[in-house]
Amino acid sequence: MLDNLILGFSTALTVENLVWCFIGVLMGTVIGLMPGLGSTTGIAILIPLTLGMEPVTALIMLAGIYYGAQYGGTITSVLISTPGEAASVVTTLDGYQMARRGQAGSALAIAAIGSFIAAIISLALLMALAPPFAKLALNFGPVENLAIMILGLITVVSFVGGSMSKGLMMVTAGLLISTVGIASGFSTARFTFGNVNLLGGIPFVEVMIGLFALGEVMHQIRVGAAAPIRARFKDMMLSRRDLTKSMPSIFRGSFIGFILGCLPGAGSTLASFLSYGVERRVSKNKDNFGKGAIEGVASPESANNAAANANFVPTLALGIPGGGTTAVLLGAFTIYGLQPGPLLFEQQPTLVWGLLVSFFIGNVMLLVLNLPLAPVFAQMLRIPYAYLYPIIILTSLVGAYSVSNNMFSVWLVVIFGVVGFLMKEFDFPIAPFVLGLVLGPLLEKSLVQTSALGQGNFMIMFQSPISVGILLLALLLAIGPAVLSRFQTTSSKQKDLTNA
C-alpha cells in the first residue's frame with residue numbers, strides 16, 4: 001500500500017497534473033453551478049478536448065470536474081433552490097431555507113467542510129478496498145457479471161422512491177433503447193429503420209446531454225426560477241456550536257455514501273436521499289428538518305461526495321459504472337485505449353494510483369476555492385436567465401455536434417431533451433432510465449455469454465456461489481422494502497388495537 005501511495009503521489013504531484021487537476025475542479029464547480037448542466041454533461045462535452053493529453057492527465061482533469069460539480073451544485077441549491085446536480089436535490093430542502101433566513105454562507109460553509117471530510121474518509125476506504133475488490137473480481141466470469149448487472153438494475157429500482165412501477169418502466173425503457181443497433185454476438189441490425197447512424201446504437205453522450213441539460217432547461221423555463229440570494233464572505237464563518245452539531249451528521253453521511261456508492265447504479269443521488277432520511281430519524285431536532293436544519297445540509301452533502309468517490313470502486317475494479325457520470329468516464333477510458341477491470345490495477349498501476357491520489361489533492365483545492373470564493377461563484381447566478389439558458393443550450397448542442405461531427409447527434413439531443421422534460425413533468429425517475437441504457441449492452445453481452453456457457457440453460461447461474469450470493473442480495477433489495485412496509489403497517493394496526 002505504501003509503495004502504491006508513493007507511486008500515486010509522484011504521478012499526481014507533477015506540475016502538469018497539478019495544473020490540470022486545478023482546472024478540472026474549477027471547471028467542475030462552475031459546471032455544477034449551471035442549472036441543467038451537471039458533471040455528466042460537462043464531462044461528455046469536454047472529453048473531445050482531452051484526446052491529445054496523456055491518459056492519466058486527462059482522467060485527473062475529468063475526475064476533477066466530477067467531484068468539483070458536487071460542490072458547485074450545492075451553491076445553486078442553497079442560493080436559488082435549483083440543484084445544479086441531481087445529488088444536490090436534497091440540499092435544497094434545508095439549505096434554501098437557511099438562505100432565506102440569512103444563513104446562506106453558513107449552509108455553503110458546512111457543505112464545503114462536510115464534503116471535504118467525506119472525501120478524505122471515502123478516499124481512504126477506496127484505496128484500502130479497491131485493490132482487494134479487484135483481486136476478488138478476478139474470479140468473475142460472464143455468470144457473475146450477469147448477476148451484478150441484475151443487482152445494479154434492482155438497486156436503482158428499489159430505491160427510486162415513489163412509484164416502483166415507474167422505476168420499472170424507466171429501467172425497461174432504458175434497456176429497450178440500448179438494444180438499437182447491431183445485436184451483441186450477431187450481425188443482425190435491430191430498430192435502425194434503415195438509418196446507418198443507428199447501426200452503432202443510440203449514442204450515450206447525446207442522450208445524457210439531452211436528458212440532463214435540455215430537459216432541465218425546459219423544465220426550469222416552465223416552472224420559473226427563484227430570485228437569487230447573495231452570500232457574503234463574513235457570513236461564511238461557522239459557529240463552534242453549528243460545527244459540533246454537524247460533525248456526527250457528516251460522519252454518518254460519509255459512511256452511508258461510501259457504502260451505496262460502491263453499488264453499481266446506486267450513485268450519489270440515492271446516497272444523499274437515504275442519508276437525509278436516516279439523519280431525520282436519528283436527530284433530536286426532527287421538527288426543524290425542512291425548515292433550515294444545518295444537519296439537513298451537512299449529511300446529504302457528505303453522502304453525495306463520499307458516493308461520488310466510491311463510484312470508482314465498481315468502475316475501476318469491475319469496469320461497471322457506478323452511475324451516469326462514471327459511465328461517461330468509462331467511455332473515456334475506452335477512448336484512451338484502457339480497459340477498466342481487475343487487471344487495470346496490475347497493468348496500469350501508475351495511472352490508477354495517480355488518479356486516486358489526485359482525488360485527495362483536488363479536494364484540498366476545492367476546500368480552498370469554495371470557502372472564500374463561494375460568494376464569488378454565486379454572483380454568476382446574477383446573470384439574467386434570458387441569457388443563461390441560451391448559453392446552456394448552445395453549449396449542449398455544440399458539444400453534441402463535436403462528438404461525431406454530424407447533425408444527427410444534435411437532433412438526438414433535441415429529441416431526448418423533450419423526453420427529459422416530459423419525465424420531469426410527469427415525475428418519472430431518470431436514474432433507472434440512465435442505468436438501463438448504460439447497463440443494457442453489458443447485460444446483453446453477459447446474457448449471451450452465460451447462455452453459451454450453459455448451452456441455453458440459465459440454471460448455470462446457481463452453480464456459482466458468488467452469483468448466488470449476488471442474486472440473493474438483489475432479491476432482498478427487491479422485496480425488502482415491501483416486506484418492511486407491510487410489517488410496519490401490521491405493527492401499527494396491532495398497536496392501535498392494543499391502545500383501544
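Q: Axes are lines fitted to C-alpha atoms, for helices over the stretch in contact, and angles run from 0 to 180 degrees between N-to-C directions; at what angle do α10 and α12 pack?
A: This is a predicted model, in which local features need pLDDT of at least 70, side-chain atom pairs count only at pLDDT 80 or more, and totals for chains, interfaces and linings use all residues. Residues are numbered from 1 along each chain as its sequence is written, and side-chain values use heavy atoms, leaving out hydrogens and water. Helix α10 spans residues 240-261 and helix α12 residues 295-310. Their axes lie 7 Å apart, and the packing angle is about 30°.

Q: Is α10 roughly parallel or roughly antiparallel to α12?
A: The angle between α10 and α12 is about 30°. Angles under 35 degrees count as roughly parallel, over 145 as roughly antiparallel, 65 to 115 as roughly perpendicular and the rest as oblique. Therefore α10 and α12 are roughly parallel.

Q: How many residues in the contact of α10 with α12 are charged?
A: From α10, the residues that meet the other helix (contact: heavy atoms within 4.5 Å) are K245, S246, S249, I250, G253, S254, G257, F258 and G261, and from α12 they are E295, A298, S299, S302, A303, A306, A307 and A310. Ala, Val, Leu, Ile, Met, Phe, Trp, Tyr, Cys and Pro count as nonpolar, Asp, Glu, Lys and Arg as charged, and the others, Gly among them, as polar. In the contact of α10 with α12, seven residues are nonpolar, eight are polar and the charged ones number two.

Q: How are α5 and α12 oriented to each other?
A: Helix α5 (residues 91-100) packs against α12 with the axes 8 Å apart and an angle of about 140°. So the two helices, α5 and α12, are oblique.

Q: Which residues of α12 make the contact with α5?
A: The crossing of α5 and α12 is left-handed (the near helix is turned anticlockwise from the far one by less than a right angle; clockwise would be right-handed). T91, D94, G95 and M98 make the contact from the α5 side. On the α12 side it is made by G296, V297 and E301.

Q: Which residue forms a salt bridge with R190?
A: Two salt bridges are counted, each a side-chain nitrogen of Lys or Arg within 4 Å of a carboxyl oxygen of Asp or Glu. In the pair with R190, the closest N and O atoms are 2.8 Å apart, and the partner is E444. R190 is in strand β2 (residues 189-190) and its partner, 254 residues apart from it, is in helix α19 (residues 430-453). The buried residues of this pair are R190 and E444.

Q: R222 forms a salt bridge with E425; what is the relative accessible area of R222?
A: The closest N and O atoms of R222 and E425 are 2.8 Å apart. R222 belongs to helix α9 (residues 204-223) and E425 to helix α18 (residues 407-425), 203 residues apart. E425 is partly exposed because its relative accessible area is 27%, where buried means under 20%, exposed over 50% and partly exposed in between (1.4 Å probe, protein chains only). R222 is exposed, as its relative accessible area is 51%.

Q: How far apart in space are L146 and K445, C-alpha to C-alpha?
A: L146 lies in helix α7 (residues 142-158) and counts as buried because its relative accessibility is 2%. Beyond its neighbours within four places in sequence, L146 is in contact with L443, S446, L447, T450 and M461. L146 and K445 are 299 residues apart in sequence, and their C-alpha distance is 8.6 Å.

Methods:
Helices (H or I, at least four residues) and strands (E, at least two) are DSSP runs, numbered from the N terminus.
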